[in-house]
Amino acid sequence: MTAAAAVLATVAYLWAAARLRRRGDAWPRARDAWFACGGAALAWAAVGGLPGGPFTAHMTQHLVVGMAAPLLFVLARPFTLALRVLPPGPARRRLLALLHSGPAGLLLLPPATALLDVGGLWVLYRTDLFATTQRETLPHVLVHVHVLAAGMLFTLAVCRLEPVRRPWGLALRGGTLLAAGGAHAVLAKSLYAAPPPGTAYALADLRTGAQLMYYGGDLVEVALAVTLAVQWYTATGRARARALRRERSARIRAVA
């Protein structure tokens with residue numbers, strides 16, 4: 001089910017991007033690649049042969065579904081693409097109204113998304129919930145849906161690449177990223193020392209999975225930090241350019 005949804009979403013994205021280019025509008029092909037890689041990674045995590053023992057394989061799935069795929073999807077800017085492809089009319093107005101709504105702004109408050117994302121992982125791995133997901137299908141499915149949705153919201157809130165209502169500042173987003181990264185690292189270290197309650201894994205498998213969570217999480221968080229740094233650099237450059245234009249204009253008026 002997840003794999004089929006990922007493939008369908010990728011096909012829809014690529015079709016929309018191609019349609020935009022056919023009518024003469026520019027759309028970076030790198031974004032096509034980001035979304036296609038995200039869809040492929042999500043499909044592989046759902047049905048592919050994951051490496052390592054049971055816990056290591058699960059942690060690979062967690063990193064792909066909850067961190068890597070959301071980052072790739074967000075870098076592709078699917079909501080911006082939808083707004084550009086949709087013709088003026090009710091569908092476009094409804095999507096724009098949703099993105100600019102108060103609930104969307106609150107839902108993408110960075111600390112709130114971090115609590116949903118990393119806080120949810122603490123609940124999963126430090127209570128009996130993880131053991132339950134290994135025995136029962138419905139909790140297993142619901143947890144994976146939550147991990148993907150929370151990862152998407154957190155990445156959207158930190159990167160702020162889409163036209164949402166409230167542009168939270170770089171300081172709040174950067175601070176939230178640091179705090180969430182620290183909480184994720186501490187959780188990984190705790191798993192290195194002790195398995196989730198109600199489970200029993202081989203020590204080597206447990207420690208490999210915990211190390212994968214720790215270092216894999218760091219890689220994705222570094223990518224998020226780079227995205228923030230590029231935004232800061234771009235914003236600073238634009239502000240400096242505006243200041244120089246105002247200064248030149250003032251000099252011209254003074255001479256005149």
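Helices here are DSSP runs of H or I with at least four residues, numbered from the N terminus. The model is predicted, so local features need pLDDT of at least 70 and side-chain atom pairs count only at pLDDT 80 or more, while totals for chains, interfaces and linings use all residues. Residues are numbered from 1 along each chain as its sequence is written, and side-chain values use heavy atoms, with hydrogens and water left out.

**Exercise 1.** Find where Arg77 lies, then look at its phi.

*Solution.* Start with the place: Arg77 lies in the loop between helix H3 (54-75) and helix H4 (78-85). Now the angle: phi is positive, about 55°, although Arg77 is not a glycine. Most residues other than glycine have a negative phi.

**Exercise 2.** Work out what surrounds Arg173.

*Solution.* First, locate Arg173 in helix H10 (residues 170-193). Next, check its charge partners: Arg173 is buried yet has no salt bridge, and the nearest side chain of opposite charge, Glu162, is 13 Å away. Buried means under 20% relative accessible area, and a salt bridge needs a side-chain nitrogen of Lys or Arg within 4 Å of a carboxyl oxygen of Asp or Glu. Then follow the side chain: it reaches the backbone oxygen of Cys159 at 3.4 Å. Finally, beyond neighbours within four places in sequence, its contacts (heavy atoms within 4.5 Å) include Arg160, Trp168 and Leu228.

Notes
Helices (H or I, at least four residues) and strands (E, at least two) are DSSP runs, numbered from the N terminus. Buried means under 20% relative accessible area, exposed over 50%, partly exposed in between (1.4 Å probe, protein chains only). Lys and Arg count as positive and Asp and Glu as negative; His and the chain ends are not counted. A polar contact is a pair of N or O atoms within 3.5 Å; within protein, one must be able to donate a hydrogen and the other to accept it, and residues adjacent in sequence count only if both atoms are side-chain atoms.
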